[in-house]
Amino acid sequence: MTSAKKLITYIAFFVLIQSGLHAQVNNIAPNIIPAVHQWQAGNGSFIINAATVFKFKPSLSTQKNVAIFLKDLAALQDKEQQSGLRAERSKNDIIIKIKPKRHLTQLQRESYHLEIKPDKVTIKAMDEVGVFYATRTLLQLIEQSADKQSIPCYTISDTPAYPFRGFMLDVGRKFFPISQLKDYICRMSWYKMNQLQLHLNDQAFHGQHYAAFRVQSKTYPQLTATDGFYTQQEIKDLIQYAADRGINIIPEIDAPAHAMSILDIAPELKNEKLQDGQLDVLNPKTTAMMEKIYDEFVPLFPSPYFHIGTDEYRFKKATTTEDRKAFAAGFCNYINHFNRYIGAKGKKVMIWSGYNEMPGFTPIDSNIVIDMWLGNNAKEEIKAGHQVVQSTDGWLYIVPGTNYYGVDNKFLYEKWAPNDFGPNQQLSPGEPDLLGAKLHVWNDLGPMGFTYHETAEEVAVALPVMAEKLWGNKMSPTFDEFIKRVDSLKNVPQVNDTRLLEAPKNSDPIINVDFKEHSLPDAINKQLIKPLNGYESKSVLALDQHDFVRLNLQADELEQPWTLSFWVKKTDTRDTTATVLFESPYGTVFLNLKDKKSGKTGLGIARTVGYKEYAGEGEDFYRQIFNSIVPVNKWTQITLTGGHNTCTLYINGKETESVEKQFICPLKTIGSSNVHLSASAFLTNIKVFGRILKKDEIMALYLNSEPLNQLN
């Protein structure tokens with residue numbers, strides 16, 4: 001065995017049989033997202049095959065980089081990963097050269113140089129994260145090749161423009177399992193994003209009393225959420241998973257506002273002069289409890305940053321001016337105290353902007369990083385000595401399922417710049433105290449707002465837009481051209497946040513039930529299916545108030561786009577009680593739904609929200625009561641279509657109403673298996689499609705089953 005200094009580790013992998021001659025490559029820019037800074041095209045391609053060998057000096061970190069590359073490559077090729085050790089030299093090498101230097105900046109750590117030639121690939125970097133980013137570039141080139149093994153020859157030198165390229169996920173209001181967090185980590189790493197902020201505690205908005213703290217607390221066990229939490233070991237494992245992919249996890253424990261989960265176990269920290277969910281900063285017990293919480297969780301996260309929230313500290317209207325000034329001073333003192341307390345543990349403290357809008361403003365420490373969700377004083381914060389992160393709410397907030405905020409991806413790509421915080425708040429290009437920017441997902445609707453897939457769809461385009469703008473080299477002149485580039489790279493390896501229930505490739509319905517031969521998947525009560533008198537080829541499902549049938553499908557609901565069509569004959573004359581036709585954890589279709597505020601009654605669809613069993617009493621964007629009442633003792637065909645922020649109702653083949661709201665198609669049960677009443681009605685000809693049918697197709701569904709009209 002040779003000495004350690006001379007030892008070269010060879011890791012060979014066998015993926016595909018070597019293809020033919022190297023292809024000629026035109027002198028065009030490589031389609032990499034984010035776009036690379038410097039490139040020069042060569043001739044031919046490097047072919048990954050059975051002879052390919054990784055060569056690098058012994059390093060556990062480099063070995064991890066290679067292992068992740070192999071796993072991701074196998075995913076792109078849809079093959080089993082195969083790898084082994086080889087000692088012989090090869091003419092088809094991937095060579096990794098790391099020349100570490102002391103005191104590297106973040107930008108230097110993430111830079112890399114890549115030389116792709118027909119007989120070898122050379123990766124040069126000063127740090128392992130630069131090597132990792134080079135492998136992302138290689139994989140993106142492979143993904144676009146027809147054979148998934150050809151890498152066109154280029155020489156690439158690349159470095160980011162901003163050291164902070166972030167994404168925040170609100171897991172406080174809605175629990176995301178570890179598998180979903182790993183999906184987001186893989187999405188981020190694919191686009192060379194590097195900061196994942198987890199908003200770990202919060203309370204849902206819109207009148208709900210729902211609050212959660214998502215990390216297991218051993219100091220205050222009762223603080224840990226009961227409907228979804230991360231063990232401390234899961235957090236440690238996730239941190240390592242992210243670090244192996246160039247991503248730092250920033251924890252955010254939000255206080256003294258947004259702290260209802262803390263108040264639920266420590267009601268003595270409330271003050272009636274403050275709004276709900278606010279800790280009393282004038283109460284010394286607040287400081288003592290938060291110190292114990294931070295004592296437990298600051299060491300758990302190795303991140304150089306620790307976010308303590310501090311946004312939206314609000315008073316009740318009746319509070320006097322003197323009270324407001326006292327709370328404002330206490331609030332700023334709270335910020336300074338915990339900046340020093342957590343800073344003493346080796347962390348750079350981050351807070352949300354807005355503290356300076358308090359009456360009787362007290363200055364805060366200049367070494368605090370300001371997360372600028374309110375960007376109206378970015379210049380002043382820089383002048384005061386703060387580093388800042390661009391997080392402007394009107395541009396960078398996604399709040400799935402609501403009718404406020406939302407990201408305009410076209411605007412972001414074509415016009416927005418990270419140094420632009422709004423009118424008269426443009427920082428100088430290259431401002432050293434502007435660390436970067438961050439995209440956000442806020443789950444204001446609580447745990448049952450949007451499904452994981454719906455949220456992922458909201459992020460899928462915005463994330464690469466942010467990545468390209470923060471890496472600093474906007475390659476496409478228009479957003480439409482950029483989207484074409486994104487589409488060619490949307491197969492992100494190791495990401496599985498796609499719909500569980502997919503439409504057949506031939507566009508046939510996912511469900512097509514007319515109850516012939518009394519058949520229905522996993523029927524709870526077979527005798528519910530009765531022959532339809534006078535029409536021998538059809539049967540119907542007869543539902544009464546407590547009847548339901550469970551559907552045996554891969555998932556309980558279908559996210560947009562979808563079409564649900566069915567024939568229904570209502571037998572109950574009551575219009576005052578909510579009655580269910582279809583139900584799932586994320587939604588309900590009602591034959592009859594009444595708005596308790598307005599008294600309006602009609603056919604309805606709702607998104608299940610939080611702890612509520614259905615959204616009948618929630619905000620308007622939780623539900624829709626259509627201006628249509630299904631007649632009694634008459635067969636009616638109902639068709640609903642659901643798309644991105646749209647839902648349309650058709651009755652007997654004709655469009656009657658369309659709204660700008662996004663719902664899911666509930667498919668767990670026909671009728672209700674919960675405490676609601678099922679619709680007293682007959683149903684038949686139930687069809688579900690994983691696409692939005694065209695108007696002529698919807699009319700055809702009606703006309704092709706028109707004989708049902710003869711049975712009224």
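Start by selecting Glu454, Glu457, Glu458, Ala460 and Val461: of the 43 residues that line the largest pocket, these lie nearest its centre. Keep in mind as you click around that this is a predicted model.

With those five on screen, bring up a surface for the pocket. Its volume comes to about 1,000 Å³.

Next, colour by helix. Pick α1 (60-77), α12 (452-471) and α13 (479-487); each of them puts at least two residues into the lining of the largest pocket. Which helix gives the most? That's α12, with seven residues.

The lining of the largest pocket splits into 19 nonpolar, 13 polar and eleven charged residues.

Time to move on to the second largest pocket, which holds about 630 Å³ of space. To centre your view there, select Arg109, Ala243, Gly246, Ile247 and Asn248, the closest to the pocket's centre among its 27 lining residues.

Then show the elements around this site. Two or more lining residues come from each of α1, α2 (106-110), α3 (128-143), α5 (232-243) and β13 (248-255). Leave α1 highlighted for a moment: with four residues, α1 has the largest share of the lining of the second largest pocket.

Conventions
Residues are numbered from 1 along each chain as its sequence is written. This is a predicted model: local features need pLDDT of at least 70, side-chain atom pairs count only at pLDDT 80 or more; totals for chains, interfaces and linings use all residues. Side-chain values use heavy atoms; hydrogens and water are left out. On a 1 Å grid over the protein atoms alone, a cavity is a set of points where a 1.4 Å probe fits but cannot get out, and a pocket is an open set with protein on both sides within 12 Å along at least five of seven lines; lining residues have an atom within 4 Å of a point. Grid points are joined across faces, edges and corners, and a volume is the space filled by probe spheres set on the points. Ala, Val, Leu, Ile, Met, Phe, Trp, Tyr, Cys and Pro count as nonpolar, Asp, Glu, Lys and Arg as charged, and the others, Gly among them, as polar.
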